Amino acid sequence: MPNPDIQIRQLEEKAKQIRRLIVQMLAKAGSGHPGGSLSAADLITALYFSVMRIKPLEPHWPERDRFHLSKGHCCPLWYAVLAEAGYFPIEKLWTLRQLGSILQGHPDRRTPGVEVASGSLGQGLSIAVGMCLVGKVDKKEYRVYCLMGDGETQEGNIWEAAMAASHFKCDNLCAILDYNGFQIDGKVKDIMNIEPVIDKWRAFGWNTIEIEGHNMGQILSAYDQAKEVKGKPSIIIAHTIKGKGVSFMENVVDFHGRAPTKEEAEKALQELQ
Amino acid sequence: MELLYQRDIYGKTLVELGKQNSEIIVLDADLSGSTRTNLFAREFPERFFNIGVAEQNMMALAAGIASCGKTVFVSTFAIFASGRAWDQVRNTVAYNNFNIKIVASHAGLTVGQDGSSHQALEDIALMRVIPNMNIVVPCDGPQTADVIKAVTLAKGPFYVRLGRPKFVTIGNKGEFKLGKAQVLTEGNDVSIAVCGFMVNEALIAAKNLLQKGVKARVINVHTIKPLDREVILDAAKTTKGIVVCEEHSVIGGLASAIDEVVAENFPVRVTRLGVKNRYGQSGEPAELLKEYNLTSTDIEKAALAVIS
């Protein structure tokens, strides 16, 4: 067993590296979504570098744990994690959003490690439930992780899937809500309030785990806790900061869907040293 | 004259396939009694999932299943499969090119008394515009079995359109091959291109035309996408014109598909018999076909107009 403190420190360092890649990638691409990529960076770094059983050089390994990014616009985060984990060379990150690139503006299956395309919000949880049902039919041990945005849960399709996950007792499912409080038009609570979040998911039959989404210790124990729960799906409601790690992006709605300029990127990278 | 429900044949064929292939999973959205996927559910409860009244969830969920290497049959009424869940079908089923077979029943006017909200008249148009999507409309019970078997073996997403009423079994169709239209009667005066329920109407029209000395070539265009260009262009070149009849809007369906091929390659007169920018309504199927000019008599009239 690795020393937990060392493991946490290593993951925090990895998350910082992921954030640097996100900033560099977006600055090079000139468009994309930094805010929600940065807010979920710790949650997804923990998954790929500690929690999930994966073989990056064998992306179709049948026993692999599955991850699906339901909030597809935050693919810079996913791409950085996949490259860093070894699914494809880091240099490919600099082709983000270019014609012919394996890294599309929203994820699709031309990227090694991407199971199902996303981008149209609200569908990811259904996709994850489908993967869970196959796990049950085939009696596989794999687990399925699905990252959703908070604004995204305004989609009705999410609640159809929430109902199904509970009905089919998908205890192999762990959803993660990146609750950064902002969506493209402003604050979630002003645009279309999703509260009371915990009550809603509990009412739909889910096990809920509320954490501070930038605390690596809490993140790891939340994933562990979710694994222990039987007979129902779990959701980690992670309170996060949009644009986390870059002072001038934090809680600034403008950076939901705007890439940093060259100067902003340089400043951001200094902060992420 | 044999009369069969396409849906019964679909359900029975699924059971047959389910016995041979353990990788088949079936989903329905609370209409399994009507679509007959309940036959599969009874036989293989562990591989059937009723998703409830949630078509969007069903389509995206099917993609999750297919991403794990399964072949998924997804059924509900055509109106909901095509319209209610279109974004899920476009972005998640078809974009990923998954082995998902949407078998949609209760298409067209012959749904009957349930009326407009349940009569899919735009589904072929909605599916035709999606890249990767294939569209098949079997003309009777036995052909439904052929289609279901063929789409199971074929890669990628399919939209299979079935009707609600009993269909007359069409004799002497020859071998069924996806993408290969069937010439049911030989003739060089006029062509009649049809699919689904309209095939039988076209054959009645052809018989009546023959009595008037007119030889009509009836073509069963069961695969609308990809369209059999060869058979359509041959009809354009060797007959005086094409009458298309379908239980669908004249916009975007079989007639449009044929128009596109003919207009670009060998322009001839194409007469479109279909629903002309209208909604459906309640009524007996036969009454509705008459009201919307989709009977053998209408086909006959249109054919005579082409050759006159």
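Chain B is divided into domain 1, covering residues 3-168, and domain 2, covering residues 182-307. The model is a predicted one. The C-alpha centres of the two domains of chain B lie 25 Å apart. Chain B also meets chain A, with 22 residues of chain B in contact with 21 residues of chain A.

**Contact between the domains of chain B**

- Across the boundary between the domains, 26 residues of domain 1 of chain B are in contact with 30 residues of domain 2 of chain B.
- On the domain 1 side, helix H7 (123-128), strand S6 (134-136) and strand S8 (166-168) of chain B are the elements that give two or more residues.
- By class, this side of domain 1 of chain B has 13 nonpolar, 10 polar and 3 charged residues.

**The largest nonpolar core**

- The largest nonpolar core has 191 residues, and B:Ala62 and B:Ile192 touch the most other members.
- Helix H1 of chain A (residues 4-29) gives the most to this core, with 9 residues.
- Domain 1 (3-168) and domain 2 (182-307) of chain B both contribute residues to the core, so the core lies between them.
- Leaving aside residues up to four places away in sequence, B:Ile192 touches B:Ala202, B:Ala205, B:Ala206, B:Ala216, B:Arg217, B:Val218, B:Ile219, B:Val243, B:Cys245, B:Ile299 and B:Ala303.

**Helix H9 of chain B**

- Helix H9 of chain B, residues 198-211, has 14 residues. From its first C-alpha to its last, H9(B) reaches 20 Å, close to the 20 Å expected at 1.5 Å a residue.
- The buried residues of H9(B) are B:Met198, B:Val199, B:Glu201, B:Ala202, B:Leu203, B:Ala205, B:Ala206 and B:Leu209.
- Just after H9(B), B:Gly213 takes a positive phi of about 85°.

**Contact between chains A and B**

- The contact between the chains joins 21 residues of chain A to 22 residues of chain B.
- On the chain A side, helix H5 (124-137) and helix H6 (156-167) each supply at least two residues.
- H5(A) gives the most to this side of chain A, with 9 residues.
- By class, the side of chain A that touches chain B has 11 nonpolar, 6 polar and 4 charged residues.

Key
Residues numbered from 1 in each chain as written. Chains lettered and ligands numbered in written order. Predicted model: local features only at pLDDT ≥ 70, side-chain atom pairs only at ≥ 80, totals over all residues. Contact = placed C-beta atoms within 7 Å. Helix = DSSP H or I, 4+ residues; strand = E, 2+ residues; numbered from the N terminus. Nonpolar A, V, L, I, M, F, W, Y, C, P; charged D, E, K, R; others polar. Core = buried A, V, L, I, M, F, W, Y, C linked by C-beta atoms within 7 Å. Buried ≥ 20, exposed ≤ 12 C-beta atoms within 10 Å, placed from the backbone. Domains from an automatic or database assignment. Expected span 1.5 Å × (residues − 1).
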